[in-house]
Structure formats: structure tokens, C-alpha cells
Amino acid sequence: MATQDIIPDRDALKRMGETVRKRLTADPEIYRVPTDRAEIFAIGNFLSPAECQRFVRMIDVVARPSALHEEAYASGFRTSYSGNFDPGDPFVRGISRRIDDLLGINPKCGETIQGQRYLPGQEFKPHNDWFYTSEKYWNAERKRGGQRSWTAMAFLNKVAEGGHTHFSEIGASIEPKPGVLLVWNNALPDGTPNEATLHAGTPVISGEKYVLTKWYRTRKWT
Ligand SMILES: O=C(O)CCC(=O)C(=O)O
Ligand SMILES: [Fe+2]
């Protein structure tokens, strides 16, 4: 990339990278995936078994075919069912705040928590969570909070087989374990998009998989 190219929200991505990194690395209980190519952390028992179960039931209510910028569902890119939780629900609000506090990010930057359910054969093909700023959708996303910085994703159940979160560039395949929160920085420390965060939800082979995801923007999300 030519040095004169402007990376939208680069300074904010850099700043948020620093804030969250400091906070997570200060806690000896938090596991960091051993790679120097990306910042990926795992927090065990972040959600209790009862909280996981409650979210699973809620996902069964809100889940619809995943809309990932239009055509994705139809093309088989993201075949899971997903849905946003009611952000005003006190239970959802409580968990949402717990994630905000863990990361130390301004709650205003957090998107509504999304739930996802994968049945056998369903998957989320390799992708990056950030927005491609050369795409048409960016003009709208730019105005509703800007680029995505950190992703927080919780596993809500044990999957009989398959359904890993696979970071293919890094060679890390994370098996769903209920209550575990995975957190990663989608940017590099210098605020540019980190290509090594490419990841997939691999196909569920047997059983089902439930997760929740919260993406953080660089600015107030609306
Ligand atoms: O289900 C997974 O393991 C991955 C989900 C994911 O990549 C996302 O929600 O952005
Ligand atoms: Fe993702």
C-alpha cells in the first residue's frame, strides 16, 4: 500500500489497540494465543453455564438467516442463523457492560450483541471483521461508527464435532468451550487492518453451535 493512502480511523484503531492490550495483558488470568502476528485473547468462564443457556434460548427466538452485507447468505458464505438481542433487555445490557468493562472501551462504541446458531453443515467462511473501505457499504458504515476495532465472541455450548473458530493465517483452531470469551484486535498496533486476523467458523459436523458476538467501532455506533 502506498504511504500516501489514507486508512480511515487509523489513529483511533491504534489508540484502542493500546488501551485494550494494556488492560488484557495486565491480567495474568487471561490467556493470549501464542503468536506475534495478531492479538487474540481467551477468557475462561466469562459467562456462567446459566448465562450461556439463557443466551441459547434467546438465540432460538431471534435467529434468522444471517444477513452479511446482502448476498452472503445466498452465496453460502455465512449459512448460520443470527439475530440481534434487544439492547434494552436488562440481562443483555448487563453482559454487554461486562464485556465493555473487561476491554475498557467506551460502551457507546459497541454494536448491539448478536447471537448466532449453526446447525450441521452450516459455517461462516474465512473473512475479516473489519469493513473494506473501498466497498459501497463503507459510506453508510463510516457514518454509523466507523471501522471495527476489537471483536468479542463468546461460545455458549459444547459442539459435538466441528464448529471451531479457525484463524487460518495464524494456524490457531479454537474449539468451542461454553463460557469462553475470545477477544481479538482486528487492527495491527499501528492502526492498519491486520490481514492475519482472517478467520472462519468452520462447518458444524454434528450437534449445533451457539455463539454471541460484539463488535466495537472506533466511534459512537448508531
Ligand atoms: O462462529 C465463529 O466461530 C466465528 C464467528 C465470526 O467470525 C463472527 O461472528 O464474526
Ligand atoms: Fe468474524
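Helices (H or I, at least four residues) and strands (E, at least two) are DSSP runs, numbered from the N terminus. This is a predicted model, in which local features need pLDDT of at least 70 and side-chain atom pairs count only at pLDDT 80 or more, while totals for chains, interfaces and linings use all residues. Residues are numbered from 1 along each chain as its sequence is written, and chains are lettered from A and ligands numbered from 1 in the order in which they are written.

**Helix 1**

Now colour the whole of helix 1, residues 10-25, whose 16 residues reach 22 Å from the first C-alpha to the last, close to the 22 Å expected at 1.5 Å a residue; the expected span is 1.5 Å times one less than the number of residues. Within helix 1, select Leu-13, Met-16, Gly-17, Val-20 and Leu-24, which are its buried residues. They lie on the same side of helix 1 because they cover an arc of only 110° around the axis, the arc being that of the directions from the helix axis to the C-beta atoms. Among the elements that cover these buried residues are strand 2 (40-43), helix 3 (90-103), strand 7 (148-155) and strand 11 (181-185).

Step back to Asp-9, in the segment before helix 1, where phi is positive at about 65° although the residue is not a glycine. Most residues other than glycine have a negative phi. Asp-9 counts as buried, with 24 C-beta neighbours inside 10 Å. Is Asn-45 buried or exposed? Asn-45 is exposed, with 12 other C-beta atoms within 10 Å.

**Ligand 1**

Centre the view on ligand 1, and show Phe-124, Asp-129, Met-153, Thr-165, His-199, Gly-201, Val-211 and Thr-213, which surround it; a residue is taken as near the ligand if its C-beta atom, placed from the backbone, lies within 6 Å of it. Strand 12 (199-201) and strand 14 (209-217) are the elements that give two or more residues to this shell. The shell divides into 3 nonpolar, 4 polar and 1 charged residues, where Ala, Val, Leu, Ile, Met, Phe, Trp, Tyr, Cys and Pro count as nonpolar, Asp, Glu, Lys and Arg as charged, and the others, Gly among them, as polar.

**Two loops**

Select Glu-208, in the loop between strand 13 (204-206) and strand 14, which counts as partly exposed with 16 C-beta neighbours inside 10 Å. Leaving aside its neighbours within four places in sequence, Glu-208 is in contact with Arg-117, Tyr-118 and Leu-119, contact meaning that the C-beta atoms, placed from the backbone, lie within 7 Å. Then find Asp-86, in the loop between strand 4 (81-84) and helix 3, which is partly exposed with 13 C-beta neighbours inside 10 Å.

**The whole protein**

Finally, zoom out to the protein, with its 4 helices and 14 strands. Of its 222 residues, 39% count as buried.

Technical notes. Buried ≥ 20, exposed ≤ 12 C-beta atoms within 10 Å, placed from the backbone. Contact = placed C-beta atoms within 7 Å.
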